[in-house]
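Take them one at a time and find each spot as you go.

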Amino acid sequence: MNTLITNEDPNFNLYKYFMKKLLLFLITTIWISYVSAQNSTITGTVVSSTDGEAIIGANVRLKGTQTGASTDVNGKFSLRVPSGQKANLLISYLGFITQEITVNSGTSVAVQLVPDSQSLDEVVVVGYGSVRKRDLTGSVVSVKGTEIAEVPAASVAESIQGKIPGVDITRSNGSATSGVSITVRGNRSIRASNGPLIIVDGVQYSSIQDINPNDIESMEVLKDASSTAIYGSRGANGVIIITTKKGATGKASVSFNSYAGISQVDRYPEVMNLDQWVQQKREAWRTTNVWSSPADDPKIFSTAELSGIENRQYLDYHDLLIHDGSQQDYQLGVNAGTEKTKIYFSLDYLKEKGIFKADWSARYSGRMNIDQTIGKIFKAGMQAQLTRYEQSVRRDPLNQANKINPLGVLYDEEGNFVEYPLNGSAISPLADEQPDIFSNRGLTTRILTNAYVELTPAEGLSIRSTLGTTLNNSRNGTYSASMSIDRNGSAPRATYEASNGLVVNLENVVSYQRSINDHSLTLTGVNSILWNRSDGISAEGQNQLIRSQLFYALENSNTNIGVNTDYEMSNLLSFAGRLNYSYKGKYLLSFTGRTDGSSILAQGSKWAFFPSAAAAWRVSDEAFLKNIEALHDLKLRYSYGKAGNYAVSPYSTQSGLTRVAFAWDDTSAPGYTFNRQVGNNQLGWEITGTHNIGLDLAFFNNRLSATVDYYDSRTSKLLLPRGLPPTSGVTSVIQNVGKTRNNGIEIGLNSENIVKDNFTWSTAVSFSKNNEEIIELTSGQTSDIGNGWFVGQPTSVFYDYEKLGIWQTNQAEEAATFGQKPGDIRVKDLNGDGKIDANNDRRVIGTSRPDWFAGIDNTFKYKGLDFSFYIFARFGQMINPDFLRRYDPQGLGQSSAVIDYWTPENPSNLYPRPNSGLSLSGIQYSSTIGHVDGSYLRLRNVSLGYTLPKNILARTFVNSIRVYATGKNLFTWTKESRLNDYDPERGGSENFPMTKLFVFGLNATF
């Protein structure tokens, strides 16, 4: 008998529950089946049409939708599309022509992308956005990350040295911890900062050396006011925008890049050898009629010196101090993602060992970039970078080695280190290398993080907010024992410094793009807030009990204990707007306005407005040029804009107090006085206005292209320290006074000289010429001799007597009219009054600024081989090298081997006669002996590489392998023969010699 389940039955509810679940399951299954039936997968590969190489990271997108994918390391992609209909796919990659294909769903395709010979559709990153290269109205240079990574270097800046017109990059010295100096289009400010603004992934960052070259996707340098005005005051000295790599859809790819090599001192001037040193000392005493023959040696040499000379006990300190250095780098990168989530991750370790013992630097860095698409209108992501430095900073010992008496021995008969050779007063240059004698250790950790959210609620409308923070923590400790070079027998001294910094950068950007027929419009609005906070502490003490404690136990010091703390804060609030307009793609206009408010400046002067305008005409798009087949691109550009600078210390508007020693009779009491530099409550902006005229050309299907720019920048209201009368009790005040001007020309040329199936040869040339001058000083002055400033001259000059040579024997009578004699330095009587005086007979004799600098880069590729070399030239600058002034006329210490001094038998015109009674500073006009032309030509980089063929790696997990050897700074030619053993890039200093580098490297992808 059947049993019915009724509503009253308790099991009815259970029955109803299971029936609902079953029905839901059936509906879901049917729906999934239906959806699956409505979608299918398109697969394919994307390769280059020229060599068939797989293109990694090409973008494959279903036209009219957000559905897309990226190719993996083998160039393959997979994309789900609606089934039963044809799909229009857009395939694009930087440097290739975007291709649109129509395919049936469920099929597999092979796509060959054609290189974009015109490259006019390449996207260039500009301030708060990006534009096609063809639509640029300003002066912007873009460098691909692959070009940067090709040159192994400790700093990104060194990789592009000399390759960008208008950008002057020099390395400060050859130590492992040295940095680089970067200026864009000359020095506008005399005392404020002239360094460019660094932007990394949209936020401000201070340390370009932290960036791993292999992490860079592209670098853009913004040079004219039209390009930089969107950054307002921060962009006055140019802007460098770095965009790091992002993740890509598809199979994860892994890259490994490594190199290792040795560095050696190149072109360092020698000191006199034993015989030269002895002869010079004899000559010095001969001048004063004490020495006439070797029989008189006991009159001028001590017993210890005579013994050293007899036993040839000559110490070659250069050979003892200088060793081969090394450099090595290991980088691992991972690139992965889905259609919604993309990730890039990297780790890097860089170790550089200098040419001196205890001179080394280690950099550890990691980066994580994440981008997440959520729905159709929302996107979020973050970029994070952690960098840590561990450094040992050596005090340069060559200054001591280059002046000490060269006689003596390193160790005594019992094997003990001789601290004072010949029992003299000068300590050994090798003293700091002894155990627990000297230590200078630094630790620095910087964390750069930024997170963004982006909304695209309507077509063409984008709303993006980015919050970036930079955390900086550093610690530096030094210890100098009693027998160190610094202390030279006095009480040991230790210092300890620590600092913390926080920079918060909030950027809100709204952008709207709209095209109507032949008109295209882009509007951008920006709000920016920058907070900057830092604090620090420094402590020192002397006479520690146990030297092995170094700087870690300052409380054990018993004399001269001191502690100082400091704090700085500044804010910058900004609002900006930009309009880009294009008509038919050939008439281009750009208008920008930004207002900045800085807390550093005085009340009533905190805010300033910085406008700019630019126009460009794509002449090559006109009908009257269409029949000129050789011409592929011709564009004229003009821009004018203003930017500001407030790069002075916070609180420069205020007068601070300094504690001084004070007492009531014999009772000590606290006392305070004003700082030597008083505040200025009217301090305002330094303003720069720049005109720029540019021409872009391309011929023969872009086989030959050129960019030419002429600019004229005028800076007013300079932030200058002005001297005050001593009777005021203070020395200076910073004021807005003075004007400077920089104008010049920049040329960039690129040529594809030969393009064959298996062989290519390309050349890139850059040329820069900048004229820098002061056009106004305070109170109508034409010169400020104390600071070395002169109207009509660059901001850095040499002001001195004009050296004509050395008075010769046959000129004794004329020399006597000036109170001189043969063997003395002869200078020009500029005003012809028969006497030499400092007021009337000195002039500007040269400048450290070059007339021009240029570079030429050649790259050859034959099948798997690649060879490149880069030559750099810097001409027209004067330098005053230390070694040319390292002349001890008394013969007490060392002198440079290049010193060719005057004697009656050697009528030299370079150096005066040695004299045992006169030091160099006591010789009249001795300041003139070192000025020389610092022009030089250098083989900056040579590289030879080989990429293994694909068929060899086909059955391995390795996608590509390239091995290479690179040499840097291999050869240098100088215009001045006396610089044959000196590297003029240093500009004059001889501490930490520059080096040449030989490395072997490996690039691999998996």
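Which strand gives the largest share of the nonpolar patch? Keep that in mind for point 2; this is a predicted model, by the way.

1. Start with the patch itself. Ile262, Leu937, Leu970, Phe971, Trp973 and Phe998 form a nonpolar patch on the surface. Together these residues have about 510 Å² of accessible area.

2. Now for the answer to the opening question. The largest share of the patch comes from strand E52, residues 960–974, which supplies three residues. Leu937, on the other hand, has its place in strand E51, residues 936–947.

3. On to the charged side chains. Side chains of opposite charge can pair when their charged atoms come close. The structure holds 47 salt bridges, and the next points go through some of them.

4. Have a look at Asp621 and Arg134, whose side chains meet in a salt bridge at 2.9 Å, N to O. Asp621 lies in the loop between strand E28 (607–618) and strand E29 (631–645), while Arg134 lies in the loop between strand E9 (129–132) and strand E10 (140–144), so the pair ties together parts that are 487 residues apart in sequence. Is Arg134 buried or exposed? Arg134 counts as buried, because its relative accessibility is 15% and buried means under 20%.

5. Next up is Glu352, which forms a salt bridge with Arg171; the closest N and O atoms are 3.4 Å apart. Glu352 sits in strand E19 (residues 341–353) and Arg171 in strand E11 (residues 167–171), so this pair ties together parts that are 181 residues apart in sequence. Glu352 and Arg171 are both buried.

6. Then there's Glu905, in a salt bridge with Arg286, with the closest N and O atoms 2.7 Å apart. This pair links distant parts of the chain, 619 residues apart: Glu905 is in the loop between strand E49 (878–879) and strand E50 (932–933), and Arg286 is in helix H5 (residues 274–287). Glu905 is exposed, at a relative accessible area of 55%, whereas Arg286 counts as partly exposed at 25% relative accessibility.

7. One last thing to trace: which residues do salt bridges with shared partners join into one network? They are Arg134, Arg618, Asp621 and Asp633.

Notes:
Residues numbered from 1 in each chain as written. Predicted model: local features only at pLDDT ≥ 70, side-chain atom pairs only at ≥ 80, totals over all residues. Heavy atoms only, no water. Patch = residues over 30% accessible without salt bridge, like charges linked within 9 Å, V, L, I, M, F, W, Y side chains within 5 Å. Areas by Shrake-Rupley, 256 points an atom, 1.4 Å probe, with all protein chains shown as cover. Salt bridge = Lys/Arg side-chain N within 4 Å of Asp/Glu carboxyl O. Helix = DSSP H or I, 4+ residues; strand = E, 2+ residues; numbered from the N terminus. Buried < 20%, exposed > 50% of the residue type's maximum accessible area, 1.4 Å probe, protein only.
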